[in-house]
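User: I have a structure to go through for class. Could you help me look at its charged side chains and its surface?

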Amino acid sequence: MPSKSAETEPTLTSFEEQTKAVWTAWMNMQRPMFSMMTEINGRLIDQALRLNDAWIGFFGRQIEHEIVASQRLMKCRTVNEFMSTYQDILRKAQADVQSELTEISRLNQSLAGETVDAVRAGLNEAAQELRH
């Protein structure tokens with residue numbers, strides 16, 4: 001008959017199996033949240049790239065407008081022509097910037113809505129997975 005101390009002493013194999021079971025259970029509990037965060041991070045990166053692209057386009061167009069404006073001003077022959085051209089350039093620049101900023105604001109609002117939707121969907125999915 002084996003001694004009582006040998007029966008109660010845990011073996012390395014049983015400890016490894018228990019550790020694997022605990023680790024697997026922990027991973028199964030964390031998987032929905034991890035999946036949700038991965039999805040949200042992917043969307044945030046995509047949205048940041050889209051917003052960055054919009055800003056780069058905005059600044060690129062502004063530089064082009066500045067070059068054209070400088071060329072127009074250099075062609076002026078009189079002070080009155082210069083003032084008229086300058087006023088026209090300022091009016092156009094103001095309208096362009098306002099239009100561009102409105103578009104970027106719209107994009108920003110759209111991206112914020114997409115992020116909220118992704119978080120909401122991820123939380124709902126994580127809750128469903130945890131219920132099962």
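User: Let us begin with Arg106: how exposed is it?

Analyst: Arg106 is partly exposed, as its relative accessible area is 45%. Please note that this is a predicted model.

User: Which side chain does Arg106 meet in a salt bridge?

Analyst: Arg106 forms a salt bridge with Glu103, at 2.4 Å from N to O. The two residues are three apart in helix α3, so about one helical turn separates them. Glu103 is partly exposed as well, with a relative accessible area of 41%.

User: How many salt bridges are there in the whole structure?

Analyst: A search of the whole structure gives eight salt bridges. One of them joins Arg120 and Asp117, at 3.7 Å from N to O. Arg120 and Asp117 lie three residues apart in helix α3, which means that they are separated by about one helical turn.

User: And what about Arg50, which residue does it pair with?

Analyst: Arg50 pairs with Asp46, and their closest N and O atoms are 3.7 Å apart. Both belong to helix α2 (residues 12–74), where they are four residues apart. Asp46 and Arg50 are also part of a salt-bridge network that includes Glu114.

User: Changing topic: which residues form the nonpolar patch on the surface?

Analyst: The patch consists of Val79, Phe82, Met83, Tyr86 and Leu90, which together have about 480 Å² of accessible area.

Key
Residues numbered from 1 in each chain as written. Predicted model: local features only at pLDDT ≥ 70, side-chain atom pairs only at ≥ 80, totals over all residues. Heavy atoms only, no water. Patch = residues over 30% accessible without salt bridge, like charges linked within 9 Å, V, L, I, M, F, W, Y side chains within 5 Å. Areas by Shrake-Rupley, 256 points an atom, 1.4 Å probe, with all protein chains shown as cover. Salt bridge = Lys/Arg side-chain N within 4 Å of Asp/Glu carboxyl O. Buried < 20%, exposed > 50% of the residue type's maximum accessible area, 1.4 Å probe, protein only.
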